[in-house]
Amino acid sequence: MPAISESDARATVVAFWAAKETAFETKNAAPLKDLESGIILGSDANRISRVAKYGKSPTLFYYPKSVENIRVYPTGQTPPGADRYFLSSQRISVLSDQRTMYVVFRQSRGEGPWRAVHTSLLWAENVNGDPLPASGTSLVTVPGADAACGALGDLLNAKDVPADYWGASGPAAAKSRMWRTRNNRAGDTRVHVVAEKSPDDPGPVWVLPSGTRFAPCAMAETWTFTPPEHTCLHWDGTWGDEQFYGRDVWAGGGQSFEAGNYGLSIPRDGKPVDVLSLQWFGLDLRSDDCPSSYRKES
């Protein structure tokens with residue numbers, strides 16, 4: 001089958017964001033099933049249900065106020081019955097900031113709606129900038145980067161990795177992930193993470209004209225929080241906790257079940273690998289009760 005045209009890909013991106021805005025405005029997640037899949041769909045549907053229940057407004061990059069500078073990258077022809085893909089890049093408003101977001105769209109078996117299977121934001125601390133070429137450039141795709149995504153899991157799990165495997169932004173991204181999570185909890189809270197490859201399929205690896213590859217990875221992450229003895233944690237809505245509760249919650253510990261989308265930049269010779277983009281999704285949260293005798297520490 002022929003590749004999607006640049007104009008049709010651009011129209012798909014515009015329709016995606018418009019329909020997503022309508023879903024949040026009307027608090028109706030049903031139309032999202034034809035727009036996105038996997039963890040993206042699950043997280044948005046969860047958030048919309050909490051917005052409807054508690055009246056909280058959607059926040060952060062889940063609901064951009066504007067989408068500009070859309071660039072699209074089709075693939076070549078695909079065999080009949082095979083999945084079709086295209087990659088898009090767009091500038092979206094995130095609160096008071098403008099950020100670049102990457103979205104991978106898939107058309108299953110070459111028919112039906114195009115659904116987003118991967119979204120991630122260009123990471124502010126990535127020193128190499130946005131490597132994608134001019135809009136409309138046709139990109140070659142290759143099978144997913146299992147080895148690189150596995151190494152990312154090792155990095156998030158604080159396992160030893162070869163010193164020359166990661167560029168500066170790899171370990172920095174892992175530290176940022178831990179800092180954001182820990183910073184919203186009691187200072188002496190023990191945080192344990194188990195990260196593994198998600199069953200979600202974020203699509204193929206995209207080979208850029210420079211030979212650098214953009215490799216989407218989907219990780220399933222379980223964060224266990226254990227506060228000091230007789231102390232409760234404050235789940236206050238920061239970093240998206242409101243999508244679980246819609247209100248402040250004191251908890252004597254708990255587990256946060258999350259998903260992380262990461263876009264890796266893999267050079268032609270395979271290393272060093274850098275984290276180009278990332279985005280996190282809250283999926284579920286289990287909190288332990290907070291007895292009245294416990295100390296509350298925000």
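This is a predicted model: local features need pLDDT of at least 70, side-chain atom pairs count only at pLDDT 80 or more; totals for chains, interfaces and linings use all residues.
Residues are numbered from 1 along each chain as its sequence is written, and side-chain values use heavy atoms, with hydrogens and water left out.

Let me start with the cores. By nonpolar core I mean a set of buried Ala, Val, Leu, Ile, Met, Phe, Trp, Tyr and Cys residues joined through side-chain atoms within 4.5 Å, where buried stands for under 20% relative accessible area, exposed for over 50%, and partly exposed for what lies in between, with a 1.4 Å probe and protein chains only. The largest such core has 24 residues, and Val13, Trp17, Phe86 and Phe105 are those with the most contacts inside it. At least two residues of this core come from each of helix H1 (6-26), helix H2 (38-54), strand E1 (67-74), strand E2 (84-94), strand E3 (97-107) and strand E4 (115-122); helices (H or I, at least four residues) and strands (E, at least two) are DSSP runs numbered from the N terminus. H1 supplies the largest share, six residues. Apart from this core lies another, of 22 residues, including Ala148, Cys149, Leu156 and Trp280.

Now to the rings. Rings of Phe, Tyr and Trp (for Trp, its six-membered ring) pair if their centres lie within 6.5 Å, and planes under 30 degrees apart count as stacked, over 60 as edge-to-face and the rest as tilted. By this rule there are six aromatic pairs. One of them is edge-to-face and joins phenylalanine 16 to phenylalanine 105, at 5.3 Å centre to centre with 90° between the planes. The two partners, in helix H1 and strand E3 respectively, are 89 residues apart, so to speak distant parts of the chain, and both are buried. Tyrosine 165 and tryptophan 166 also form an edge-to-face pair, with 5.3 Å between centres and 75° between planes. Tyrosine 165 counts as buried because its relative accessibility is 18%, and tryptophan 166 is buried at 8%. Ring pairs also link Phe16, Trp17, Phe86, Phe105 and Trp114 into a cluster.
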